Amino acid sequence: MRYRLTFLAGLALGYVLGTKAGRERYEQLKKSAQQIAQNPAVRNTAETAAQQGRVYAGKAFHTVGDRIPESVAHRVRSLRERNGHGTREDDWGTGTT
């Protein structure tokens, strides 16, 4: 029984210390990711990739035509309508620059 209590005490201590160190590291990684995401070069590259993806998806949709399921066709139409109202925002809330 003494060994179990010692093990549980060690487990609890390790958990408490590990979560504190883990949280600090998580905050560091989160801050770094936010800095990278705010970088204009990264944002422009992501926007360009999203725009090219939409172009290729549109070409593929025209090529495939009636052979795709109706649910997919509906989704493509809804995306076209959403992006066709003058707003060129992507899923990240960034506009085309």
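**Notebook: a three-helix model**

Entry 1. Phe7, Leu8 and Leu11 make a nonpolar patch of about 330 Å². I noted that this is a predicted model. Next I looked up where Leu8 sits. I found Leu8 in helix α1, which covers residues 2-38. An α-helix has 3.6 residues a turn, so residues three or four places apart point the same way.

Entry 2. I stepped back to the whole protein. I counted 3 helices and 0 strands. From the N terminus on, the order is α-α-α. How much of the protein is buried? Buried residues make up 8% of the 97 residues. The protein exposes about 8,400 Å². Carbon and sulfur atoms supply 61% of that area.

Entry 3. I checked confidence. The mean pLDDT of the protein is 78, and 84% of its residues reach 70 or more. Which helix has the highest confidence? Helix α2, residues 40-64, does, with a mean of 87. Confidence is lowest in helix α3, residues 70-83, where the mean is 78.

Entry 4. I then followed α2 from end to end. At its N-terminal end I found a cap, Asn39. A side-chain oxygen of Asn39 lies 3.0 Å from the backbone nitrogen of Ala41. I looked at length next. α2 has 25 residues and reaches 36 Å from its first C-alpha to its last. That is close to the 36 Å expected at 1.5 Å a residue. Which residues of α2 are buried? I listed Glu47, Ala50, Gly58 and Phe61. Just after α2 I came to Gly65, which takes a positive phi of about 65°.

Terms used
Residues numbered from 1 in each chain as written. Predicted model: local features only at pLDDT ≥ 70, side-chain atom pairs only at ≥ 80, totals over all residues. Heavy atoms only, no water. Patch = residues over 30% accessible without salt bridge, like charges linked within 9 Å, V, L, I, M, F, W, Y side chains within 5 Å. Areas by Shrake-Rupley, 256 points an atom, 1.4 Å probe, with all protein chains shown as cover. Salt bridge = Lys/Arg side-chain N within 4 Å of Asp/Glu carboxyl O. Helix = DSSP H or I, 4+ residues; strand = E, 2+ residues; numbered from the N terminus. Buried < 20%, exposed > 50% of the residue type's maximum accessible area, 1.4 Å probe, protein only. pLDDT = per-residue confidence, 0-100. Expected span 1.5 Å × (residues − 1). Polar contact = N/O pair within 3.5 Å; in protein donor to acceptor, adjacent residues only side chain to side chain.
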